[in-house]
Amino acid sequence: MYVAAFKKRNLKPIVLIPYAPIPNFDKIVEGFEKSFPGEEVEVCQDADDAMAILEGKKIEAVFAGGDPGVGLADELSKRLGLPGNDPSTTWLRTTKLGMATALEKAGLRHMRTRSVKSEKEVKEFWETCNGKCAIKYTSSGASVGFKVCSSLDECINHFNLLRNSTNNIGEKDVDILMQEYVIGEEYVVNTASCNGKHVITDLWRYRLTNANGNVFYDGEMLLSESSAPRGLIDYALAVLDATGVRYGLCHSEYFWNSEGPILIETNPRMMGASQPEEFQIAMYGCTYADYSFATMDEEMFSDMLKVHFDTNGKYAIVEELTATKVGELDPAPTNILVSALPSYFSCDMKDGKRLISKTIDLSTSLGNLFLVAESKDILERDYKMIKELENNYPDLMMEDDSFKFAHTLADLKLTVDSISAGEVLDVDLSIAESIPYGKEGLSVAMSFFGMIECGSDRDKIQFCKESR
């Protein structure tokens, strides 16, 4: 996203990738090079290496594109004399222990947290809990490594698992944290900051799902600033000050319950759901990249402070599509079905047969689905239809060896698109033979096209097209 934004402003982007000792690192670099053909993509070992790469170049701004780049961006901004956050406090913004330390010092509500290095320390912290606690890496993301434990044995087993694994950015031997178990509604407050002044860019409420035995974020609903729970916005802005966020974008997550808001984690970079530019413009009136550039210019940012975030009467949900099948599969049927929904905006899931694993966290989801509607009822109905598909009719989402099913769906959609609301369509029962779950699966698929079953006989099923 930043690369395209730089080019639109007639600036030359330089993509710096901090080296990570993980098996597929070369493929990650190759992916960046393919994504940005003709652009300068460099791997750097540390800030000294990065400065050598940048020598002789006039650098206008430094932005962190993801979690691995936050520390490097802070250090480079300081060395280059550009607006940025203090590298001596980076740990307060990038580690769970640092966040808890900063909030405690500022007198803000925070989760009781301890870094544990042995089974003995796990046992000691567990004895202070009330039957549940959370165990996670001190620095990670996308729910990787996170687990809520309900017994000491479960705590010790997960502690040992994390101790012998890597976090989501390839780091091993990362500090492992235990935290008190807090429950509540989960919210995202995204912000932009310039010289210590902050503005809300967008606000979301998370939705959780149980995917293949693992709880993870499968979607979020966009909220207006006026609909934020009591005290959330003021607390979120205080968290930015406590953790030393003075410049740039920040993506922070919070619980809210009867005691008020409490920080889950803060991430000093743009939200990671890869929202397409068209979606950002439709919902916010500008892009995250626009906000980023404004944080480097106090005059531009002061104009932004005069405008309060508003959804302009629109509702939106971003959903992580969930896979329950494993193998060389083609998710083409999913794209055909979801693209027919009234609230469909876009989907970044690609067609084509590929190796698919069961979804257990954000990194193993099929892709992001963007839904937008002026009616909350329409949005919620479409969301429920997708969850019903994932939970009860997973075979309708993907196909195995042949393209017969996807072609059948595509042909049905073309036929439905050619008739008007209220018209009745007769569908030969033999078509159900090429669709998983037979007649029931056919009815479910047709409901995505706005067709409701209204009759049947021995050879045909009748569907009536509803008004959308």
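**Salt bridges and surroundings**

Analyst: R114, K120, E121 and E124 are linked in a salt-bridge network. Keep in mind that this is a predicted model.

User: Why would side chains like that pair up at all?
Analyst: Opposite charges can pair when the charged atoms of the side chains come close.

User: How many salt bridges does the structure hold?
Analyst: The structure holds 26 salt bridges.

User: Pick one. Which residue does R269 pair with?
Analyst: R269 forms a salt bridge with D67. Their closest N and O atoms are 2.8 Å apart. The pair links distant parts of the chain, 202 residues apart. R269 sits in the loop between β11 (260–267) and α10 (277–284). D67 sits in the loop between α3 (47–54) and α4 (70–80).

User: Is R269 buried or exposed?
Analyst: R269 counts as buried, because its relative accessibility is 12% and the cut-off for buried is under 20%. D67 is partly exposed, with a relative accessible area of 24%.

User: OK, another one. What about D175?
Analyst: D175 has a salt bridge to K117, with the closest N and O atoms 3.1 Å apart. D175 lies in the loop between α8 (152–163) and β6 (176–180), and K117 in the loop between β3 (113–116) and α7 (119–126), so the bridge ties together parts 58 residues apart in sequence.

User: How open are those two?
Analyst: D175 is partly exposed, at 33% relative accessible area. K117 counts as exposed, at 54%. Exposed means over 50%.

User: Where do K439 and E453 sit?
Analyst: Their side chains meet in a salt bridge, at 3.8 Å from N to O. K439 is in helix α16 (residues 438–448), and E453 is in strand β18. They are 14 residues apart, and the pair links distant parts of the chain. K439 is partly exposed at 37% relative accessible area. E453 is partly exposed too, at 34%.

User: New topic. Which residues form the negative surface patch?
Analyst: D426, D428, E433, D457 and D459 form that patch.

User: Where is D457?
Analyst: D457 lies in the loop between β18 (451–456) and β19 (460–465). D457 counts as partly exposed, because its relative accessibility is 47%.

User: Now backbone angles. What should I expect for phi?
Analyst: Most residues other than glycine have a negative phi.

User: So what is the phi of N195?
Analyst: N195 has a positive phi of about 50 degrees, although it is not a glycine. N195 is found in the loop between β7 (185–194) and β8 (197–211). N195 counts as partly exposed, at 32% relative accessibility.

User: And Y437, what is its phi?
Analyst: Phi of Y437 is positive, near 70 degrees, and Y437 is not a glycine either. Y437 lies in the loop between β17 (424–428) and α16. Y437 is partly exposed, with 34% relative accessibility.

User: Let's zoom out. How many helices and strands are there?
Analyst: The protein has 16 helices and 19 strands.

User: What is the radius of gyration?
Analyst: The protein has 24 Å. A compact globule of 468 residues would have a value near 23 Å, so the two agree.

User: What are the spans along the principal axes?
Analyst: The C-alpha trace spans about 75 × 55 × 45 Å.

User: Last one. What share of the residues is buried?
Analyst: Buried residues make up 51% of the 468.

Methods. Residues numbered from 1 in each chain as written. Predicted model: local features only at pLDDT ≥ 70, side-chain atom pairs only at ≥ 80, totals over all residues. Heavy atoms only, no water. Patch = residues over 30% accessible without salt bridge, like charges linked within 9 Å, V, L, I, M, F, W, Y side chains within 5 Å. Areas by Shrake-Rupley, 256 points an atom, 1.4 Å probe, with all protein chains shown as cover. Salt bridge = Lys/Arg side-chain N within 4 Å of Asp/Glu carboxyl O. Lys, Arg positive; Asp, Glu negative; His and termini not counted. Charge placed at Lys NZ, Arg CZ, Asp CG, Glu CD. Helix = DSSP H or I, 4+ residues; strand = E, 2+ residues; numbered from the N terminus. Buried < 20%, exposed > 50% of the residue type's maximum accessible area, 1.4 Å probe, protein only. Rg over C-alpha atoms; globule rule 2.2 N^0.38 Å.
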